[in-house]
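Q: I have a protein model open and want to learn how to read it. Where do we begin?

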Amino acid sequence: MSEAKKKKDVKRTVDPACLEVLTKNEAGGIETAFDRYLQQQPQCKFGDTGICCRVCIQGPCRITNKASKGVCGSTAYTIVARNLVRAAAGGASAHSDHGRHIVLALKHLAEGKAPDYKVSDPEKLRRVAAKVGIEVEGKDDITLVKELTDAALEDFSRMTGEDSKWLTVNSTEGRRKKFKDCNIFPSSINGTIVESISQTHMGMDADPVSLIFSALRNGLADYVGMHIATDLSDILFGTPKPVVSEANLGVIDAECVNVAVHGHNPLLSEMIVRAAREMKDEAVKAGAREVKLMGICCTGNEVLMRQGVPIVSNFISQELPMMTGAMDAMVVDVQCIMPGIQAVSECFHTKIITTSPIVKIPGASHIDFTEETALEKAKEVIQLAIDSFKQRSGDIDIPQIKNKVVAGFSLETLYEILGKVNPDKPVKVITDAIAAGELKGVCLFAGCNNLKGVHDENHLTIARELAKNDVLMVATGCAAGGYGKAGLLNGDAVEKYAGEGLKAFIKKLEDANDLAEKLPLIFHMGSCVDNTRAADLYIDMANEMGVDIPKVPFVASAPEAMSEKAISIGSWNVAMGLPVHVGVVPPVQGSTLVDGVARLIAHDVYGGFFIWETDGQKAAEKLLECLDYRNWKNKVHKDTAEKFGTTVAAGW
Ligand code: NFS
Ligand code: SF4
């Protein structure tokens, strides 16, 4: 049997609800990403290993056994590194553009030009403003918003070379020094990205090390953009608190007007939540019980965290909710929106509604979303969904599979819970549990889905293994979506999967708190931009332990990484000093030098490094080894310092 034929027999998902839809569609012939992935096989090995260059139109140049250099003389290491920089810059642009929209909405609010928005968390406004050095005493909210948004915009546009403010105040002393020493401290987001696109133009930088450092600088610019996005979204829409909700295709309700919000930016989806509530009567008039909202990708995570809106799908299965026949509209904003959704929608009554001037899909309806008329536009969207509901005609078949989700764990919320055990130093509850051997460490699960593996399989395999080994877990993005759908974001999962230490740790928190719900096995921290919440956690852990981040028993894993954004997030986590597992090998293996820097040399310079491992079980073992190593090292350094009466060694 040919390879392609064999592959068709493989169901590339472990999600039972998705499997049900895909199986029923086998004869139906609606084309989804699951089919298109197979049609793309075999994928080009030059592109796959990063040795295809299209930077100028003498190309494409490919490095082969016959040709070790491109027309201009670029070697494999230059081409691979250059491609990597451009990917990191792409990721940084996406997150930062998202952050910029939030800043501008907040700024417009202060100028009276965004009447439907308000400052929802004035305390966070004060905290963030004070952190970036703004005098807060005696100032009202509007004054502070103006000063804070100006400071944020400075971090985008500064051209005078001073250090980025957000990175300065959201890092450790050791990291600041490291970033300066290695010349990867970004000044501004725009400046960093512009420079790196120039640096990778034809006939510019050919030095792989200088290029890799540029990729890391872009990673840090990405961190700045997303930290601003998280901070200001919390100010605008509220800092997440624990919420109870559900996840998976079973959240679709045949009796409701079903509307999926998909994309990333809460500016629109928060308004849609309001519009849906306000337009219940119109839905009832049309014969529905109400308007039911549900989320896909990170916009879904945003409204889950703050409004308890259920998750219907993560990235790779985004076309499947429509195939139940009960999805009346899907409204999309920016990023991770497959153009393929339009063709699937045309097989049903579903309306696809685009809302961003830079995200349009031929055939879809477009509503120009602006902050000035936010609620009005959101109501237009809901009206389209109600009209679409009236046009339902085909069969409805919704997999009755969904799981309870307890989410909403901003760092503030996590500290409130930990603070009931140690009111003075909430983070010490974690570092003490690690020192006592109750926990092995912490793992951040982030990132996407990627059909190079099996949908959600790696996410689940690694998390279950880490749970068994007493690792405290936090998650964001489509990883968190996968956990929600599979039932790992609730208290039952603790019973089922946690090792004795992790169980005892979670029970200790529950005993100290008066919680309405049991704590989950994995703490959902939000969307991908909210990976900064996890960074704030490991920065606090480092400061509490009196070491720099490379010694904190904290690892990150993107089990099914897909987007350029995942590359930039991985890059800043490595620069910050974390071992970062990626479950899909990125296009770097065409250069042993670049690959070696990412996996090995990075450790010497930054203390963080990449691990490529496609096998979930092996990946879990490697992550556990990293935690064991850091715990062992910390103990040796501490014992030595005690024995000789010196300070703890700073190295890793
Ligand atoms: Ni992150 Fe979130 Fe999902 Fe990946 Fe896309 S939605 S921003 S990029 S696919 S996790
Ligand atoms: Fe080929 Fe060099 Fe042009 Fe790249 S920059 S396409 S390697 S000639």
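A: Begin with exposure. Buried means under 20% relative accessible area, exposed means over 50%, and partly exposed lies in between (1.4 Å probe, protein chains only). This is a predicted model: local features need pLDDT of at least 70, side-chain atom pairs count only at pLDDT 80 or more, and totals for chains, interfaces and linings use all residues. Residues are numbered from 1 along each chain as its sequence is written, chains are lettered from A and ligands numbered from 1 in the order in which they are written, and side-chain values use heavy atoms, with hydrogens and water left out.

Q: How does Gly 590 count, by its relative accessibility?

A: Gly 590 counts as partly exposed, because its relative accessibility is 26%. Helices (H or I, at least four residues) and strands (E, at least two) are DSSP runs, numbered from the N terminus. Gly 590 sits in the loop between strand S15 (579–582) and helix H25 (592–606).

Q: Which residues is Gly 590 in contact with, leaving aside its neighbours within four places in sequence?

A: Contact means heavy atoms within 4.5 Å. By that rule, Gly 590 touches Thr 49, Ile 51, Ala 76 and Val 80. Now take Ala 493, 97 residues from Gly 590 along the chain: their C-alpha atoms are separated by 41 Å.

Q: How do I read a salt bridge?

A: Side chains of opposite charge can pair when their charged atoms come close. A salt bridge here is a side-chain nitrogen of Lys or Arg within 4 Å of a carboxyl oxygen of Asp or Glu. The structure holds 46 of them. In one, Arg 392 meets Asp 328 at 2.7 Å, N to O. Arg 392 lies in the loop between helix H16 (374–390) and strand S10 (403–407), and Asp 328 in the loop between strand S6 (311–313) and strand S7 (329–332), so the pair ties together parts that are 64 residues apart in sequence.

Q: Are Arg 392 and Asp 328 buried or exposed?

A: Arg 392 is buried, at 19% relative accessible area. Asp 328 is buried too, at 0%.

Q: What does a salt bridge within a helix look like?

A: Take Glu 642 and Lys 638, whose side chains meet at 3.9 Å, N to O. Both lie in helix H26 (residues 616–644), four residues apart, about one turn of the helix. Glu 642 counts as exposed because its relative accessibility is 56%. Lys 638, at 49%, counts as partly exposed. Elsewhere, salt bridges that share partners form one network of Lys 124, Arg 127, Asp 234, Glu 302, Arg 306, Glu 412, Asp 530 and Arg 533.

Q: Which residues make the nonpolar surface patch of about 290 Å²?

A: Patches are made of residues with over 30% relative accessible area and no salt bridge: like charges are joined within 9 Å, and nonpolar side chains (Val, Leu, Ile, Met, Phe, Trp, Tyr) within 5 Å. Areas come from the Shrake-Rupley method with a 1.4 Å probe; for residues, only the protein chains shown count as cover. Tyr 629, Trp 632 and Val 636 make this patch. Trp 632 lies in helix H26.

Q: How many residues of helix H18 are buried?

A: Seven of the ten residues in H18 (residues 426–435) are buried. Among them are Pro 426, Val 427 and Ile 430. Their cover includes helix H17 (411–418), strand S11 (441–445) and H26. Just after H18, Gly 437 takes a positive phi of about 85°.
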